[in-house]
Amino acid sequence: MSLTRRRLVALAPAVCVAAMPLSRAFAQDEEALYFAGTATDGGYVYRRTNMAQIDPVWRKQLVNYVHSEHPGTIVVDTRAHFLYVCFENNTALRYGCGVGKEGFKWYGRAQVQRKSVWPGWTPPPEMLARRPELPRHMIGGPENPLGPRAMYLYRDGRDLDYRLHGTVEPWSIGSDVSSGCIRLLPEHVMDLFQRTPIGTKVLVLERLPTA
């Protein structure tokens, strides 16, 4: 039985895949407001984000950002739902992001050691043992919940299973969502991908509990 995007989202466990936000569900006509036409990338036709529907705070923008990181370092603030690419003179390029359960679990320093265009998704064996109805592999493409790009974080040569990736659900940006790592709008993750060479340093800030 083939799995549609809605079916996959319903089945997805708490791993680095996109999933429906916990607090919001949309009818198809309301979802359509978040898209504006189509574009072609890597041989795939995907739906473009309607930026007019995205709160301006989550759009890509150059901001003042006091930091002590080397230029080019990525800083992820999971509490504020921002991802920064640090520049000189305490400035940064800021993107809004969505944060899933896996995004709450890990913090610290890492490096981007692998990048993928229209990445596929393969559930690990232990996940398939728990959820045999999941696909053994989902090829990359416009329906894949990882979106058009993924960047994989490693530390000391070990894959942390922590990803920076796209999303097929633009309304989830700026929110805590049911599953996944760090997600960005398709246009934003493609832009970030171009700015992120292998070896880029990444700092994920600790998500401290509120008082």
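**Ground rules.** I took helices (H or I, at least four residues) and strands (E, at least two) as DSSP runs, numbered from the N terminus, and I called two strands paired if DSSP finds at least two bridges between them. The model is predicted, so I kept in mind that local features need pLDDT of at least 70 and side-chain atom pairs count only at pLDDT 80 or more, while totals for chains, interfaces and linings use all residues. Residues are numbered from 1 along each chain as its sequence is written, and side-chain values use heavy atoms, with hydrogens and water left out.

**Hairpin.** I began with β1 and β2, which form a hairpin with 2 residues between them. Gly42, in the turn, has a positive phi of about 60 degrees. The two strands pair in the antiparallel sense over 5 bridges, and I found Ala39 bridged to Tyr46 in β2.

**Sheet.** Next I traced an open sheet of 10 strands with mixed pairing, in the order β3-β6-β5-β4-β12-β8-β9-β10-β11-β7. Its edge strands, β3 (61-64) and β7 (98-99), each pair on one side only. A reminder to myself: strands of a sheet pair through backbone hydrogen bonds, either parallel or antiparallel.

Where does β12 run parallel to a partner? I looked at β4 (residues 74-77), which is joined to β12 (residues 201-204) in that sense by 3 bridges; Val76 has Val204 as its bridge partner. β8 and β12 run antiparallel, with 4 bridges, and Gln111 stands opposite Lys201 there. β8 is also antiparallel to β9, over 6 bridges, with Val112 opposite Leu153.

**Helix across the sheet.** I then followed helix α5 (residues 186-195), which lies across β4, β5 (82-86), β6 (91-96), β8 (108-117), β9 (149-155) and β10 (158-165). Its direction is about 50 degrees to β9, with axes fitted to C-alpha atoms, for helices over the stretch in contact (heavy atoms within 4.5 Å), and angles from 0 to 180 degrees between N-to-C directions.

**Aromatic pairs.** I counted 8 aromatic pairs, meaning Phe, Tyr and Trp rings (six-membered for Trp) with centres within 6.5 Å; planes under 30 degrees apart are stacked, over 60 edge-to-face and the rest tilted. Phe35 and Trp171 have ring centres 6.5 Å apart and planes at 90 degrees, so this pair is edge-to-face. It links distant parts of the chain, 136 residues apart: Phe35 is in β1 (residues 35-41), Trp171 in the loop between β10 and β11 (182-183).

**Pocket lining.** Last, I checked which residues lie nearest the centre of the second largest pocket, and noted Phe35, Tyr46, Arg47, Pro142 and Val168 among 13 lining residues. A pocket here is an open set of points on a 1 Å grid over the protein atoms alone, where a 1.4 Å probe fits, with protein on both sides within 12 Å along at least five of seven lines; lining residues have an atom within 4 Å of a point. Strand β2 (residues 44-49) gives the largest share of the lining, 3 residues.
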